[in-house]
Amino acid sequence: MSEQNPQVVLETSMGTITVELFREQAPITVKNFLSYVKEGFYDGLIFHRVIKEFMIQGGGLNEELEQKKPKFAIKNEATNGLSNKRGTLAMARTALVDSATCQFFINVVDNPFLDHQGKQQDRFGYCVFGQVLEGMDVVDEIRSVKTGKQKGHTDVPVEPVFIKTARVIA
């Protein structure tokens with residue numbers, strides 16, 4: 001991509017993941033994600049949903065599986081032409097198209113069914129806004145952890161996988 005793309009380092013309890021953010025293709029999403037990073041919002045949160053042949057999701061819950069209060073929901077930029085391929089970063093959301101706030105996921109396999117396929121709510125897709133530059137080995141380690149049910153959540157790592165800190169690098 002381009003030199004101007006911001007990069008974020010996620011220091012996890014299993015290693016370091018460096019991501020590049022696609023500011024041009026997903027300006028609203030990137031600005032939103034960076035605001036959370038700069039505020040230290042993600043520090044100490046966990047990857048609370050890990051599905052080995054799908055994705056790893058984090059950025060919203062602490063070790064007790066309590067939701068950290070997010071800011072406002074943002075516009076879904078899934079129409080940006082980017083695909084949910086292995087190693088891409090996308091925003092998690094509810095069934096509502098424009099409901100993404102702070103939670104994100106990293107695709108661990110190609111997930112084209114998550115791409116924008118139409119204007120209908122169930123076909124709108126999930127906005128890709130970045131990709132892993134370094135640390136896919138760490139992502140693969142995380143995707144392989146043992147998971148179970150906890151406090152009404154499924155696919156929760158038995159041993160918490162922490163986002164120790166997230167920071168912007170030049």
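**Salt bridges in the predicted model**

Asp-140 and Arg-86 form a salt bridge through their side chains, with an N to O distance of 2.7 Å; the term means a side-chain nitrogen of Lys or Arg within 4 Å of a carboxyl oxygen of Asp or Glu. The two residues belong to distant parts of the chain, 54 residues apart: Asp-140 is in helix 2 (residues 136–143) and Arg-86 in the loop between strand 4 and strand 5. Helices (H or I, at least four residues) and strands (E, at least two) are DSSP runs, numbered from the N terminus. This is a predicted model, in which local features need pLDDT of at least 70 and side-chain atom pairs count only at pLDDT 80 or more, while totals for chains, interfaces and linings use all residues. Residues are numbered from 1 along each chain as its sequence is written, and side-chain values use heavy atoms, with hydrogens and water left out.

Asp-140 also meets Arg-143 in a salt bridge (3.2 Å, N to O). Both residues lie in helix 2, 3 residues apart, about one turn of the helix. Through shared partners, salt bridges join Glu-53, Arg-86, Asp-140 and Arg-143 into one network.

Arg-143 is buried at 14% relative accessibility, whereas Asp-140 is partly exposed at 22% and Arg-86 is partly exposed at 37%. Buried means under 20% relative accessible area, exposed over 50%, and partly exposed in between (1.4 Å probe, protein chains only).

The count comes to 5 salt bridges. One of them pairs Glu-39 with Lys-71 (3.0 Å, N to O). Glu-39 lies in the loop between helix 1 (27–38) and strand 3 (45–51), and Lys-71 in the loop between strand 4 (55–58) and strand 5 (88–91), so the pair ties together parts 32 residues apart in sequence. Glu-39 is exposed at 53%, and Lys-71 is partly exposed at 28%.
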